[in-house]
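Student: Please take a close look at one part of this structure for me. Then connect that part to what lies around it.

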Amino acid sequence: MSASIPLPDLLDLEPDAALETLRAWMAARGEPAYRATQVFGRLWQRPVRAFDDITELPKALREALAAAFRISSLELATRQQSIDGTEKFLFRLHDGQFIETVAIPDGDRLTFCISSQAGCALQCAFCATGAMGFQRNLAPSEIAGQVRELRMLTPPISPTNIVFMGMGEPLMNWKAVGPALTLLNDPRALGIGARHITISTVGILPGIHALGARPEQFRLAISIHAPSDALRRTLMPVNTKYPLADVIAAAAEFDRRVTFEYVMLGGVNDQPEHAAQLAQLARACRAFVNLIPLHPGGSMGFSPSPAPVIAAFAKALRARGVETAVRRSRGIDLAAACGQLRTERLGRRLPVAAENHGEVHVA
Ligand code: SAH
């Protein structure tokens with residue numbers, strides 16, 4: 001094999017494929033089959049950074065594995081902790097790209113907000129990641145790998161919940177997000193319950209259908225942010241391709257309860273008529289609504305709705321029979337909104353105060 005062709009990364013394979021690959025490789029070398037299970041157990045459950053760390057294997061076998069396969073890691077570039085316990089991690093990928101992961105403690109829960117792409121192509125008007133443009137899709141090993149890396153810290157950090165609310169649009173990277181969901185959920189890999197894993201999307205219809213076709217009970221959150229096509233188009237260019245009526249229809253067909261995310265933009269989408277329109281959409285697909293205070297990080301000329309306006313908006317929704325929560329701000333002392341840490345790294349201007357948007361109250 002040419003030295004320029006990278007070795008296959010075992011962390012990109014779903015458990016069945018990884019075990020099959022390892023069994024075939026062990027068999028070809030005349031090694032007992034249990035060696036495959038031994039190696040597999042060190043990928044996700046008791047993770048190691050390198051084959052050489054699998055000390056229960058003979059040295060020669062570790063060396064042979066390292067010559068045949070890769071176990072990729074993400075380099076932790078920066079770690080920041082908020083006074084409220086929220087932690088933000090910046091990872092450097094093998095090609096120099098940066099992605100973020102946020103860990104948000106809340107009572108006995110610990111939610112990881114993970115990234116699915118480096119950058120994002122969608123250009124939502126208020127989002128910092130959108131402003132930096134799309135770099136590339138992440139591989140399954142880089143998506144599920146964010147959780148793996150934090151479980152390899154001393155002391156390890158292990159999540160109870162996952163939200164795909166970091167950088168990127170997960171349903172525009174279904175090719176990798178599909179296998180990553182398996183790795184996060186499969187008890188032989190990271191073992192996080194499907195109901196504790198939420199995919200957040202702007203409403204990419206083919207992706208919603210693909211997610212709905214999965215047998216596991218993964219949760220779906222849809223970034224609505226405006227209750228009419230005319231307004232939504234101005235905030236989210238993707239609305240031209242996937243208009244609200246189609247997104248709501250897909251949400252209604254989804255066999256599990258959907259959450260709407262609605263970022264409160266002062267004077268833009270927070271008026272009583274918007275609440276009335278939003279209530280209709282939510283009722284049409286029995287959605288739960290999460291109202292999100294705007295994080296100043298990527299706000300690009302928008303201002304957060306004042307707290308009393310948010311409260312009145314929530315009240316108006318509830319009065320129309322829509323279950324509504326107002327998201328609590330976390331990590332307010334961290335420059336931790338969507339894409340900010342990476343922005344800081346690239347030497348752009350930093351906002352004065354910002355919160356992260358990886359929140360625990362999703363459905
Ligand atoms: N692309 C997906 C997931 C990543 S963004 C999506 O759009 O759903 C996760 C959430 O953070 C989305 O609801 C997004 O609109 C929101 N968000 C982005 N920038 C924000 C900001 N400055 N303040 C509050 N929420 C923001």
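Tutor: Start at glutamine 146, which lies in helix α5 (residues 140-151). Helices (H or I, at least four residues) and strands (E, at least two) are DSSP runs, numbered from the N terminus. This is a predicted model: local features need pLDDT of at least 70, side-chain atom pairs need pLDDT 80 or more, and totals for chains, interfaces and linings use all residues. Residues are numbered from 1 along each chain as its sequence is written, and side-chain values use heavy atoms, with hydrogens and water left out.

Glutamine 146 has 0% relative accessibility, so it counts as buried. Buried means under 20% relative accessible area, exposed means over 50%, and partly exposed is in between (1.4 Å probe, protein chains only). A polar atom of the glutamine 146 side chain lies 3.0 Å from the backbone oxygen of glutamate 142. That is a polar contact: a pair of N or O atoms within 3.5 Å. Within protein, one atom must be able to donate a hydrogen and the other to accept it, and residues adjacent in sequence count only if both atoms are side-chain atoms.

Now follow the chain past α5. Proline 155 sits in the loop between α5 and β7 (161-164). The peptide bond from threonine 154 to proline 155 is cis, with omega near -5 degrees. Most residues other than glycine have a negative phi, and most peptide bonds are trans.

Next, the ligand. Its shell has 18 residues, and Gly168, Ser200, Ser223, His225 and His295 come nearest. A residue is near a molecule or strand if one of its heavy atoms lies within 4 Å of it. Look at some contacts. An N or O atom in the side chain of glutamate 169 is 3.1 Å from a ligand nitrogen. The serine 200 side chain has an N or O atom 2.7 Å from a ligand oxygen. Threonine 201 uses its backbone: a polar atom there is 3.4 Å from a ligand oxygen. On its own, the ligand has 530 Å² of accessible area, and the protein covers 97% of that. Such areas come from the Shrake-Rupley method with a 1.4 Å probe; for residues, only the protein chains shown count as cover. The elements giving two or more residues to the shell are β8 (197-201) and β10 (258-264).

With a relative accessible area of 6%, histidine 225 is buried.

Turn to β10. Seven of its seven residues are buried. In a regular strand the side chains alternate between the two faces of the sheet. In β10, Val258, Phe260, Tyr262 and Met264 point one way, while Thr259, Glu261 and Val263 point the other way.

β10 has partners. Two strands pair if DSSP finds at least two bridges between them. Strand β9 (residues 219-223) runs parallel to β10, joined over four bridges. Alanine 221 has threonine 259 in β10 as its bridge partner. Strand β11 (residues 288-293) also pairs with β10 in the parallel sense, over six bridges. Here threonine 259 stands opposite phenylalanine 288 in β11. From β10 the chain passes through helix α10 (residues 272-284) to β11, and this β-α-β crossover is right-handed. Right-handed means that, with the strands pointing away from the viewer, the path from the first strand over the helix to the second runs clockwise.

In the loop between β10 and α10 is asparagine 269. With 0% relative accessibility, asparagine 269 counts as buried. Its side chain reaches the backbone nitrogen of leucine 265 at 2.9 Å. Arginine 286 lies in the loop between α10 and β11. Arginine 286 is exposed, with a relative accessible area of 53%. This residue has a positive phi of about 50 degrees, although it is not a glycine.

One last stop: alanine 312, in helix α11 (residues 307-319). Its relative accessible area is 45%, so alanine 312 is partly exposed. Alanine 312 and aspartate 270 are 42 residues apart in sequence and 9.2 Å apart in space, C-alpha to C-alpha.
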